[in-house]
Amino acid sequence: MLANLANILVLESNGFYEKAIEMCLILLKNGENSEISQILDRIKEKKLQKLSSANKEMLALFLSENEDDTEKFKRWLVDI
């Protein structure tokens, strides 16, 4: 349990939210829910914040009249 918890925290600190969420869900399914549900909620919140800030950044690029910003936005759009 402690090793799994440590792995989740390392993944979270490195920004690998999806993998950390996946591990939390596995532990919850196995009945280990002492701190895991709180950690899962925190990781989900961080993931939403990250997505929200990325969307604001891309909106700024989209609305910009700068040609470099337009190119950055186009590259981002192609990547998704």
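At what angle do α1 and helix α3 pack, and how far apart are their axes? In this predicted model, the angle is about 10° and the axes lie 11 Å apart. Helix α1 and helix α3 are therefore roughly parallel to each other, since an angle under 35 degrees counts as roughly parallel. Helix α3 spans residues 36–63. On the α1 side, the residues that meet α3 are Leu5, Ile8, Leu9 and Glu12. On the α3 side, they are Ile36, Ile39, Arg42, Ile43 and Lys46. Sorted by class, this contact of α1 with α3 holds six nonpolar residues, three charged residues and no polar ones.

The overall architecture is helical. The protein has four helices and zero strands. Read from the N terminus, the order of elements is α-α-α-α. The radius of gyration is 17 Å, well over the 12 Å that the globule rule gives for 80 residues, so the protein is more spread out than a compact globule. Along the principal axes, the C-alpha atoms fill a box of roughly 50 × 20 × 15 Å. Of the 80 residues, 22% are buried. Contacts between residues at least 6 apart in sequence were also examined; 40% of them join residues at least 24 apart.

The packing of α1 with α2 comes next. Helix α1 covers residues 2–13, and helix α2 covers residues 17–29. Their axes come within 8 Å and cross at roughly 155°. That makes α1 roughly antiparallel to α2, because angles over 145 degrees count as roughly antiparallel. The crossing of α1 past α2 is left-handed. Helix α1 contributes Asn4, Asn7, Ile8, Leu11 and Glu12 to the contact. Helix α2 contributes Tyr17, Lys19, Ala20, Met23, Cys24 and Leu27. By class, seven residues of this contact are nonpolar, two are polar and two are charged.

Helices α2 and α3 form another packed pair. Their angle is about 155°, and their axes are 10 Å apart. Helix α2 is thus roughly antiparallel to α3. This crossing, too, is left-handed. From α2, the residues involved are Tyr17, Glu18, Ala20, Ile21, Cys24, Leu25, Leu27 and Leu28. From α3, they are Ile36, Ser37, Ile39, Leu40, Ile43, Lys44, Lys46, Lys47 and Lys50. The contact of α2 with α3 has 11 nonpolar residues, five charged residues and one polar residue.

Is glutamate 12 buried or exposed? Glutamate 12 sits in helix α1. Its relative accessible area is 4%. Glutamate 12 is therefore buried, as the cut-off for buried is under 20%. Neighbours within four places in sequence left aside, glutamate 12 is in contact with Tyr17, Ala20, Arg42, Ile43 and Lys46.

Aspartate 41 belongs to helix α3. Its relative accessible area is 52%, so aspartate 41 is exposed. The cut-off for exposed is over 50%. Between aspartate 41 and cysteine 24 there are 9.9 Å in space, C-alpha to C-alpha, and the two are 17 residues apart in sequence. Cys24 is one of the α2 residues that meet α3.

How values were computed: Residues are numbered from 1 along each chain as its sequence is written. This is a predicted model: local features need pLDDT of at least 70, side-chain atom pairs count only at pLDDT 80 or more; totals for chains, interfaces and linings use all residues. Side-chain values use heavy atoms; hydrogens and water are left out. Axes are lines fitted to C-alpha atoms, for helices over the stretch in contact, and angles run from 0 to 180 degrees between N-to-C directions. Helices (H or I, at least four residues) and strands (E, at least two) are DSSP runs, numbered from the N terminus. Angles under 35 degrees count as roughly parallel, over 145 as roughly antiparallel, 65 to 115 as roughly perpendicular and the rest as oblique. A crossing is left-handed if the near helix is turned anticlockwise from the far one by less than a right angle, and right-handed if clockwise. Contact means heavy atoms within 4.5 Å. Ala, Val, Leu, Ile, Met, Phe, Trp, Tyr, Cys and Pro count as nonpolar, Asp, Glu, Lys and Arg as charged, and the others, Gly among them, as polar. Buried means under 20% relative accessible area, exposed over 50%, partly exposed in between (1.4 Å probe, protein chains only). The radius of gyration is taken over C-alpha atoms; the globule rule is 2.2 Å times the number of residues to the power 0.38.
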